[in-house]
Amino acid sequence: MTMRGYGGRILHIDLTSGRSRVEPVSEAMARSLLGGNGFAARLLLDHVPPGIDAYDPANAVAFAVGPITDTAVPGNSRACVASKSPLTGLFFDSTFGGRFPATMKRTGFDAIVIGGRAAEPVYLKVTEAGAELEPASSLWGQTTRDTVHAIQDAQGADTDVMAIGPAGERLVRFAAMGTYWKNREGFAGRGGIAAVLGSKRVKAVAVAGARKTELADAALLKKLLDERREPLMTGTKALATYGTPFLVKPINTLGALGAYNLRQETFADALAISGEEMHAHHHARDTTCLKCPVACGKQYEIRDGELQGLKAKMPEYETIFAFGSMLGNAHAGSLTRANDLCDLLGMDTITMGVTLALVCEALERGWLSEREVGVPFGW
Ligand code: SF4
C-alpha cells in the first residue's frame with residue numbers, strides 16, 4: 001500500500017560489503033517522527049553504536065526528506081543530512097535546499113542511511129530501484145562544483161548530486177557538502193558531516209527518480225495554500241528582496257551581531273555589509289529552491305574593487321557575520337570570494353570565519369606568532 005505523503009521506504013547501504021537493503025516506513029514511525037530530521041535522528045540512534053569515533057566505519061550518514069517534500073507547499077525542497085559529528089562528537093544535522101531534496105523524494109526513499117567504509121573512492125547512485133556504487137577515484141581532489149557537473153555529465157541533467165570537496169576528503173572537521181542546480185545551489189554546512197562521508201570514501205550521493213508523492217487530501221492542501229499565499233509573500237518581503245543578509249542591520253541595531261571575535265556587540269561598518277547595501281551594488285539575479293516563490297537566494301556580481309567582475313553566490317547572513325563583522329571586514333567582494341572558495345573546497349563558512357577570528361585575537365594577544373600562522377594576518 002502506498003503511504004500518502006511518503007515514499008514509504010528507507011534505503012540502508014553498507015559500503016564495506018557493497019550491499020543494500022530496504023526497510024519499510026511504518027505508519028507509527030511516520031506519525032511520531034514526521035520525516036526529515038525526525039527520521040534521521042531515530043535512524044542514527046538505532047544504527048550507530050554508542051561511544052564510537054565519528055570516523056569509525058560504524059558511524060552512519062542519514063539523508064532524509066519529509067511528507068511535504070516535492071508537494072506544492074512553498075519551500076518544500078529541503079532535506080536534512082545527519083550524522084555523529086567529528087566536530088562535537090554528538091548528533092548533528094544540517095539542512096539544505098536546491099532541487100536535490102525533491103529529486104530524492106522521487107526515488108521513493110524517505111531516508112538513505114550510509115554506513116561502513118568503501119575500499120576505494122565511490123559515489124552512490126540512488127534511483128527507484130535502489131543503490132549502486134560507482135567508482136570515483138577520478139573525482140577525488142575535485143571541487144564540489146566540478147564533481148557535481150562531472151557526475152551529471154555521466155548520469156544526465158535530471159540527476160541531482162550532493163558532493164564533498166577536498167576538505168571532506170582530508171577529514172577537515174568542519175567540512176561541508178554542496179549541490180548545484182541552475183536555479184539554486186544548496187549547502188549542508190554544519191557539523192563536519194562531509195568529513196564523515198570522506199572517511200567512508202564517498203565523494204558524492206546522486207539521486208534520480210520519477211515517483212510522485214501522493215497526497216491525502218489534495219483539495220484541502222490547495223485551499224490551505226491559497227489562504228496562506230498572500231501572508232507568506234507579505235511576511236517574507238525583506239527575505240525575498242535581499243536574502244538572509246536583510247538581518248544584518250536590525251540584528252546589529254539590537255546589539256547582537258557580534259564583531260572582532262565577539263569582543264564587541266556591534267560592528268561600526270555593518271551598513272556596508274548589510275543586505276540592502278550589497279543588493280544595491282552587487283545583485284545580479286534571484287535564485288530559488290525548486291517551486292519556492294520566496295526566491296531568497298541571490299547571485300552577486302561584484303562591481304567594484306580588486307574583485308570586480310567576480311560572479312558568485314551571495315553570502316548568507318551567518319557567513320557575513322563570520323567572515324565580516326567577526327574579522328572586522330566590511331568588504332563585500334572579499335565576503336563573496338571567501339564564501340565561494342569555502343563552497344568549492346567544501347568547508348563550513350561559519351566555522352571557518354570564526355576560527356580565523358580566533359586566530360586574529362590570538363595573534364593580537366601574542367598567543368600565536370605570524371611565523372606560526374605562516375602568512376601576514378590580522379584585523
Ligand atoms: S528559496 Fe529560500 S525560502 Fe525558499 S525554500 Fe529555498 S531557502 Fe527556503
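A residue counts as near a molecule if one of its heavy atoms lies within 4 Å of it. In this predicted model, that cut-off picks out the ligand's surroundings: G75, R78, R184, T288, C289, C292, V294 and C296. Sorted by class, this shell comes to 4 nonpolar, 2 polar and 2 charged residues. As for where the ligand ends up, it sits in the largest pocket.

The protein chain itself is assigned two domains, with domain 1 spanning 9-207 and domain 2 spanning 236-373. Where the two domains meet, domain 1 puts 33 residues into the contact and domain 2 puts in 23. The ligand's shell involves both of them too, with at least three residues drawn from domain 1 (9-207) and at least three from domain 2 (236-373).

Then there is the inside of the protein. The largest nonpolar core holds 59 residues, and the members that touch the most others are F63, I112, I114 and M177. This core lies between domain 1 (9-207) and domain 2 (236-373), because both of them give residues to it.

I114 gives a closer look at the packing. Leaving aside residues up to four places away in sequence, I114 touches I13, L15, N59, A60, V61, F63, L124, L197, K200, V202 and V205. One of these partners, F63, is also listed with I114 among the core members that touch the most others.

Conventions:
Residues are numbered from 1 along each chain as its sequence is written. This is a predicted model: local features need pLDDT of at least 70, side-chain atom pairs count only at pLDDT 80 or more; totals for chains, interfaces and linings use all residues. Side-chain values use heavy atoms; hydrogens and water are left out. On a 1 Å grid over the protein atoms alone, a cavity is a set of points where a 1.4 Å probe fits but cannot get out, and a pocket is an open set with protein on both sides within 12 Å along at least five of seven lines; lining residues have an atom within 4 Å of a point. A molecule sits in a cavity or pocket if more than half of its atoms lie within 2 Å of its grid points. Ala, Val, Leu, Ile, Met, Phe, Trp, Tyr, Cys and Pro count as nonpolar, Asp, Glu, Lys and Arg as charged, and the others, Gly among them, as polar. Domain bounds come from an automatic or database domain assignment. A nonpolar core is a set of buried Ala, Val, Leu, Ile, Met, Phe, Trp, Tyr and Cys residues joined through side-chain atoms within 4.5 Å. Buried means under 20% relative accessible area, exposed over 50%, partly exposed in between (1.4 Å probe, protein chains only). Contact means heavy atoms within 4.5 Å.
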